Amino acid sequence: MLMDEGATASEISGYLYIVATEHMGLTDHGRLAEKSDQVAQLLVQLRPEFGTH
């Protein structure tokens with residue numbers, strides 16, 4: 001998703017949130033969406049680094 005589809009941070013964040021809540025059974029106590037956003041932004045920033053390896 002990050003590399004092949006060139007997904008945006010928003011798309012990745014949504015995906016991470018769904019995985020955490022629907023597939024891992026985590027509950028959102030107000031911070032899960034925020035943390036998903038933070039991780040997604042970091043992944044998008046690091047995308048150029050992943051492409052060089």
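Leaving out neighbours up to four places away in sequence, Tyr17 is in contact with Asp28, Leu32, Ala33 and Ser36, where contact means heavy atoms within 4.5 Å. The structure is a predicted model, so local features need pLDDT of at least 70 and side-chain atom pairs count only at pLDDT 80 or more, while totals for chains, interfaces and linings use all residues. Residues are numbered from 1 along each chain as its sequence is written, and side-chain values use heavy atoms, with hydrogens and water left out.

Back to Tyr17, then. This residue lies in helix H1, and helices here are DSSP runs of H or I with at least four residues, strands being E runs of at least two, numbered from the N terminus. With a relative accessible area of 27%, Tyr17 is partly exposed. Tyr17 and Asp37 sit 20 residues apart in sequence, yet their C-alpha atoms are 8.7 Å apart in space.

Now for the whole chain. Its secondary structure comes to two helices and zero strands. Along the principal axes, the C-alpha atoms fill a box of roughly 35 × 15 × 15 Å. Of the 53 residues in the chain, 15% are buried. Among contacts with a separation of 6 or more, 53% are between residues 24 or more positions apart. The chain exposes about 4000 Å², and carbon and sulfur atoms supply 57% of that area. These areas come from the Shrake-Rupley method with a 1.4 Å probe, and for residues only the protein chains shown count as cover.

Helix H1 covers residues 9-23, and its 15 residues should span 21 Å at 1.5 Å a residue; the end C-alpha atoms are 20 Å apart, which agrees. The expected span is 1.5 Å times one less than the number of residues. So which residues of H1 are buried? They are Ile12, Ser13 and Ala20. Seen down the axis of H1, these buried residues fall within an arc of 105°, so they line one face of the helix. The arc is that of the directions from the helix axis to the C-beta atoms. What do the buried residues of H1 pack against? The partner is helix H2, residues 32-51. After H1 comes Gly25, which has a positive phi, near 75°.

Ser13 gives a closer look at how the helices meet. This residue is found in H1 and counts as buried at 6% relative accessibility. Setting aside residues up to four places away in sequence, Ser13 touches Ala33, Ser36, Asp37 and Ala40. Ser36 lies in H2 and, at 6% relative accessibility, counts as buried. Beyond its neighbours within four places in sequence, Ala33 is in contact with Ser13, Tyr17 and Asp28. Ala33 and Glu49 are 16 residues apart in sequence, and their C-alpha atoms are 25 Å apart in space.

Elsewhere, Met3, Leu46 and Phe50 form a nonpolar patch on the surface, with about 260 Å² of accessible area together. Patches are made of residues with over 30% relative accessible area and no salt bridge; like charges are joined within 9 Å, and nonpolar side chains (Val, Leu, Ile, Met, Phe, Trp, Tyr) within 5 Å. Phe50 is found in H2 and counts as partly exposed, at 38% relative accessibility.

Note on methods. Buried means under 20% relative accessible area, exposed over 50%, partly exposed in between (1.4 Å probe, protein chains only). A salt bridge is a side-chain nitrogen of Lys or Arg within 4 Å of a carboxyl oxygen of Asp or Glu.
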